Amino acid sequence: MVRGAYGYANPDVTSEHFPTARKGVVVLTGRLVHFGRVMSTPDVFKELNRMILRPGEAHELLAFGIKFPVVQRECPVVALASAWLRPGEHEVCPFLGRWRVGRSLYLFVFGGGWGDDVMRLAKKLVEI
């Protein structure tokens, strides 16, 4: 079970579906990015690159949810660097949101538009 104490956690959010090549303990400077408008996925990646940021990964999103549990009650937070192709379906990425059961960990269809109420978890490209 996910350590974030979620009312709902999608069972497909696993290290098998969302692996990372990163090892060890690293301190990162994180940032939530809100563009205030609907944007396509390619436009979000272009804008983050222009800002010298990289999208957050699933494991970073989960750590963020543990450390800052209230943020996802205000708006969804998505980790765009982690995408998984569900067998026979669409590519999806993890995000933190809220629902009737409280704080939740969902999967969202990757590649569609991102609403103006979505925050993107981004990290500085240079790790400290």
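This dialogue walks through the features of one predicted model.

Student: What should I know about the model before reading it?

Tutor: The model is predicted, so local features need pLDDT of at least 70 and side-chain atom pairs count only at pLDDT 80 or more, while totals for chains, interfaces and linings use all residues. Residues are numbered from 1 along each chain as its sequence is written, and side-chain values use heavy atoms, with hydrogens and water left out.

Student: How many helices and strands does the chain have?

Tutor: Helices (H or I, at least four residues) and strands (E, at least two) are DSSP runs, numbered from the N terminus. Here the chain has three helices and ten strands. From the N terminus on, their order is β-β-β-α-β-α-α-β-β-β-β-β-β.

Student: Which strands pair with β7?

Tutor: Two strands pair if DSSP finds at least two bridges between them. β7 and β8 run antiparallel and are joined by eight bridges. Within β8, Tyr-106 is the bridge partner of Phe-95. Strand β5 (residues 77-78) also pairs with β7 in the antiparallel sense, over two bridges. Val-77 stands opposite Leu-96 in β7. Strand β6 (residues 84-85) is antiparallel to β7 too, again with two bridges. There, Trp-84 stands opposite Val-92.

Student: What lies between β6 and β7 in their hairpin?

Tutor: Five residues separate the two strands. In this hairpin, Gly-88 takes a positive phi near 75°.

Student: What percentage of the residues is buried?

Tutor: Buried means under 20% relative accessible area, exposed over 50%, partly exposed in between (1.4 Å probe, protein chains only). Buried residues make up 41% of the 128 in the chain. For areas, the method is Shrake-Rupley with a 1.4 Å probe; for residues, only the protein chains shown count as cover. The chain exposes about 7500 Å², and carbon and sulfur atoms supply 57% of that area.

Student: Which residues touch the most other members of the largest nonpolar core?

Tutor: A nonpolar core is a set of buried Ala, Val, Leu, Ile, Met, Phe, Trp, Tyr and Cys residues joined through side-chain atoms within 4.5 Å. The largest one has 15 residues, of which Leu-61, Val-77, Leu-96, Leu-105 and Leu-107 touch the most other members. At least two residues come from each of α2 (58-67), β7 (91-99) and β8 (102-109). Helix α2 gives the most, with three residues. Apart from this core lies another, of 13 residues, including Phe-35, Val-44, Cys-93 and Phe-110.

Student: What does Leu-107 contact beyond its sequence neighbours?

Tutor: Contact means heavy atoms within 4.5 Å. Leaving aside neighbours within four places in sequence, Leu-107 is in contact with residues including Asn-10, Phe-18, Trp-84, Val-92 and Phe-95. Across the chain, residues 24 or more positions apart account for 67% of the contacts with a separation of 6 or more.

Student: Is Ala-58 buried or exposed?

Tutor: Ala-58 is buried, at a relative accessible area of 4%. Ala-58 is found in helix α2. Beyond four places in sequence, Ala-58 contacts Phe-18, Ala-79, Ser-82 and Pro-94. The C-alpha atoms of Ala-58 and Phe-18 are separated by 6.5 Å, although the two are 40 residues apart along the chain.

Student: Where does the side chain of Ser-104 reach?

Tutor: The side chain of Ser-104 reaches the backbone oxygen of Gly-102 at 3.3 Å. Ser-104 sits in strand β8 and counts as buried, at 0% relative accessibility. Beyond four places in sequence, Ser-104 touches several residues, among them Tyr-6, Tyr-8, Gln-72 and Trp-99.

Student: How many aromatic pairs does the structure hold?

Tutor: Rings of Phe, Tyr and Trp (its six-membered ring) pair if their centres lie within 6.5 Å; planes under 30 degrees apart count as stacked, over 60 as edge-to-face and the rest as tilted. The structure holds five such pairs. In one of them, the rings of Tyr-8 and Tyr-106 have centres 5.8 Å apart and planes at 35°, so the pair is tilted. Tyr-8 lies in strand β1 (residues 8-9) and Tyr-106 in strand β8, so this pair ties together parts that are 98 residues apart in sequence. Tyr-8 is partly exposed, at 34% relative accessibility, whereas Tyr-106 is buried, at 18%.

Student: Why does the pair of Phe-18 and Trp-84 count as edge-to-face?

Tutor: Their ring planes stand at 70°, with centres 6.1 Å apart, so the pair is edge-to-face. Phe-18 and Trp-84 are both buried.

How values were computed. Polar contact = N/O pair within 3.5 Å; in protein donor to acceptor, adjacent residues only side chain to side chain.
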